[in-house]
Amino acid sequence: LVGGALVYAVWGDSRRLRYLAGGAAIAVVAFAILFSLARETSPVQRLAERNQLLARMVQEGFTENARVVSVRAALQAFAADPITGWGPENFFVAFRKFQRPEDFDTPPENQDQTHNRPLEVLSGTGLIGFLPYAAMWVLILMLAIRRVRLEQASRLFAALIAGAALAYLVHLLFLFETSNAMLLFVTLAAWAGGAEKAVSALPEKVELPVPASQAARRSIDRRQRRAESRAASSKSEVSTRDPAVRQAERIVLFFQIRRLLSRMPREVVDYGLPAAVGIAVLLTLFGMNARIHRAAYFVIRPAPLDEIAPRLATFPGLGTLGRTQFADVAAGRLPTVDPAARDELIAIVIAELDRAIESEPENILVRLAAARFFGVASQWRLDLLARARAETDKALRLGPHTHEAHAQAVEQALREKDLPSARAAVQIWKTEHPNQGAESINRFDSRVEALASELAGKGSGAGG
């Protein structure tokens with residue numbers, strides 16, 4: 001509404017409506033600023049208790065904090081690799097790497113999107129991808145303004161549509177592209193594209209070229225018509241490349257199809273064709289997603305050990321997630337697994353973790369899953385304790401200020417029975433995550449003291 005009002009205030013026809021539109025736009029912006037400044041007051045707080053949208057705007061940290069951190073991480077990611085970026089869909093790597101100790105009191109959800117589409121493009125594809133993206137939006141907005149200026153009879157409506165295009169861009173500053181909004185984007189872009197000079201230069205009416213022989217078509221033999229058709233197709237390429245001729249041919253084809261449909265039974269046209277098209281679309285969509293659905297189904301269904309590897313390999317693009325979950329579940333079940341099958345399970349998980357690490361070496365979630373599994377499995381295979389330490393160190397490098405990496409560092413030091421490292425890891429936890437609550441801190445402290453007592457008992461026993 002603000003965008004449409006501002007556009008009409010500048011290019012509108014009616015002076016009274018221009019003044020009203022400009023005043024309305026200023027009033028809405030002023031209200032938004034006042035609301036932001038007054039969100040801590042009791043009247044606004046009472047309104048927020050009754051309305052979820054207002055609550056999301058009033059309660060600082062509900063979604064605002066995660067978006068602010070994501071924006072900063074995206075800018076830091078761009079600064080680190082400004083030319084080609086970190087790769088599409090890799091923002092979660094930058095999010096963990098550039099997370100700061102003071103950003104979150106509790107472990108955040110894995111932020112896999114920037115919640116800001118322009119910055120997502122900037123951090124993911126660098127200047128190579130961002131410059132064409134920005135140019136596209138500049139062109140769309142320029143064409144939208146030109147469309148408003150060209151519209152004479154419905155300028156107010158055109159101003160509102162131009163405002164909708166601007167609103168869609170503002171919307172992308174706080175969210176990512178979604179499939180259900182793409183139709184709106186395509187419609188707005190197509191509407192703006194109507195102001196392109198190449199489009200406006202097209203004639204409103206195209207005269208169809210009628211061959212001289214068409215009038216006597218019914219009296220001409222079929223063979224003669226075929227010969228004339230072949231002769232016409234062999235004419236100069238200049239005439240066939242004429243845009244007006246090609247446009248006319250399309251129009252003729254349209255009417256031929258329309259005439260063919262008019263000869264069909266009405267039931268076939270009204271019900272049969274739409275049903276056939278709908279079935280074709282559904283089958284196409286199913287075919288596009290069949291492997292993904294099959295892979296997801298395989299991951300969530302129980303399976304014997306010899307089927308795990310083929311199931312996880314069903315759709316390689318999503319295999320890492322399944323392998324990570326498989327490692328976490330297996331780590332929790334190793335103590336209760338039959339000893340005869342435990343070694344086989346450990347070997348299978350190690351092979352799948354190696355594939356996940358090879359596929360996404362910078363994924364901190366993969367490194368943490370590997371560290372947790374290797375740590376648990378080291379009870380039966382001591383050689384895996386060193387791999388657990390290596391994966392823990394890599395997780396700390398990928399997320400130097402994350403809750404999960406610091407918690408894993410404490411667990412690894414306790415598992416290694418390294419008292420100085422355990423105390424140092426707990427101290428880092430207390431320093432960087434002081435708001436985690438007394439329960440988690442006391443739990444770590446008690447486990448460190450238990451390790452100290454255990455090592456002191458071993459030392460006194462050896463001395464005696």
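Author: Two rings of Phe, Tyr or Trp, with the six-membered ring used for Trp, count as a pair if their centres lie within 6.5 Å. The planes then sort the pairs: under 30 degrees apart is stacked, over 60 is edge-to-face, and the rest are tilted. The model is a predicted one. By that rule the structure holds eight aromatic pairs.

One of them joins phenylalanine 91 and phenylalanine 95, whose ring centres are 6.1 Å apart; their planes meet at 45°, so this pair is tilted. An α-helix has 3.6 residues a turn, so residues three or four places apart point the same way. Phenylalanine 91 counts as buried because its relative accessibility is 3%, under the 20% limit. Phenylalanine 95 is buried as well, with a relative accessible area of 1%.

A second pair is formed by phenylalanine 373 and phenylalanine 374. The distance is 6.1 Å from centre to centre, and with 65° between the planes the pair is edge-to-face. Phenylalanine 373 and phenylalanine 374 are both buried. Elsewhere, ring pairs link Trp137, Tyr168 and Phe185 into a cluster. A ring can also have a charge over it: the charged end of arginine 443 sits over the ring of phenylalanine 444, 5.4 Å from the ring centre.

Helix H6 covers residues 91–97, and the loop between helix H5 (64–80) and H6 contains glutamate 89. Glutamate 89 has a phi near 65°, a positive value in a residue other than glycine. Most residues other than glycine have a negative phi. Glutamate 89 is exposed, with a relative accessible area of 52%. The loop between H6 and helix H7 (117–150) contains histidine 115. Histidine 115 also is not a glycine and has a positive phi, about 60°. Histidine 115 counts as buried, at 16% relative accessibility.

H6 also takes part in the packing of helix H19. The buried residues of H19 pack against H6, helix H17 (339–359), helix H18 (364–377) and helix H20 (403–415). These buried residues are Leu384, Ala388, Glu391, Thr392, Ala395 and Leu398. They lie on the same side of H19, because they cover an arc of only 125° around the axis. H19 itself runs over residues 384–398, 15 residues in number, and reaches 21 Å from its first C-alpha to its last, close to the 21 Å expected.

How values were computed. Residues are numbered from 1 along each chain as its sequence is written. This is a predicted model: local features need pLDDT of at least 70, side-chain atom pairs count only at pLDDT 80 or more; totals for chains, interfaces and linings use all residues. Side-chain values use heavy atoms; hydrogens and water are left out. Helices (H or I, at least four residues) and strands (E, at least two) are DSSP runs, numbered from the N terminus. Buried means under 20% relative accessible area, exposed over 50%, partly exposed in between (1.4 Å probe, protein chains only). The expected span of a helix is 1.5 Å times one less than its number of residues. The arc is that of the directions from the helix axis to the C-beta atoms. Contact means heavy atoms within 4.5 Å. A charge sits over a ring if NZ of Lys or CZ of Arg is within 6 Å of the ring centre and within 35 degrees of the ring normal.
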